[in-house]
Amino acid sequence: MKLIKANQRGFTLIEILVAIVVGGMVVAAASTVVMQILQSSRSSSQMTALRQVQTAGYWVSHDALQAQEMNTNDFLYIKWTDWDDGDIHEIEYSLVGSGTLKHLQRQEIINDDADHPTITIVARYVDSSQTSCTPANHVFVPGELLTFMVTATMEEQTETRTYKIKPRAL
């Protein structure tokens, strides 16, 4: 057995135990932070998908409530005459982009001015296979329900909403 000399240096057993405990606390804190980052990313994706379906529902509902003419041949076409100033609004919604996830695009033409349409991307990450517009009885009649179902997918988070809209009667 060796004898420890007075000028020899090293760690005591207490110091080593304290270092192990402190190291364990640092690892626990770091793993908690990593888990929170992963969870917030998942929540962020879900909130993005939810915001997309809510925005799409708002715009389609807003326009469909005014509809005097509507068809769902392409995706959704809405036409109405403004009560206040007599302007004629023609709105066309379409799914644009490649792949399954597309953008819901809104194009508005006022008073047949096709040279200056207003084009807005209403929602992104829209699942075209799960999104539809269907009038009740598959034929548009003013005052009858239009069912708009929209699904948005962001990463692995999916949100779906169904809106039932009753356009104004003539």
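**A tour of the chain**

Guide: Happy to! Buried residues make up 30% of the 170 residues in the protein chain, where buried means under 20% relative accessible area, exposed over 50%, and partly exposed in between (1.4 Å probe, protein chains only). This is a predicted model, so local features need pLDDT of at least 70 and side-chain atom pairs count only at pLDDT 80 or more, while totals for chains, interfaces and linings use all residues. Residues are numbered from 1 along each chain as its sequence is written, and side-chain values use heavy atoms, with hydrogens and water left out.

Visitor: Thanks. How many helices and strands does the protein chain have?

Guide: There is 1 helix, and there are 8 strands. Both are DSSP runs numbered from the N terminus: helices are H or I with at least four residues, strands are E with at least two. From the N terminus, the order is α-β-β-β-β-β-β-β-β.

Visitor: How do strand 1 and strand 2 pair?

Guide: Strand 1 (residues 69-71) and strand 2 (residues 76-81) are antiparallel, with 3 bridges; two strands pair if DSSP finds at least two bridges between them. The hairpin that joins these strands runs through 4 residues. Methionine 70 sits opposite isoleucine 78 of strand 2.

Visitor: And which residue in strand 3 is the bridge partner of isoleucine 78?

Guide: That is isoleucine 91. Strand 2 and strand 3 (residues 88-96) run antiparallel, joined by 6 bridges. Their hairpin has 6 residues between the strands, and glycine 86 in the turn has a positive phi of about 75°.

Visitor: New topic: why does threonine 153 count as buried or exposed?

Guide: Threonine 153 counts as buried because its relative accessibility is 14%. This residue lies in strand 7 (residues 146-154).

Visitor: What does threonine 153 touch?

Guide: Leaving out residues up to four places away in sequence, threonine 153 touches Leu101, Tyr125, Asp127 and Thr158; contact means heavy atoms within 4.5 Å. The side chains of threonine 153 and threonine 158 are also joined by a polar contact of 3.3 Å. A polar contact is a pair of N or O atoms within 3.5 Å; within protein, one must be able to donate a hydrogen and the other to accept it, and residues adjacent in sequence count only if both atoms are side-chain atoms.

Visitor: Last one: where is phenylalanine 11?

Guide: Phenylalanine 11 is in the segment before helix 1 (13-66). With 71% relative accessibility, phenylalanine 11 counts as exposed.
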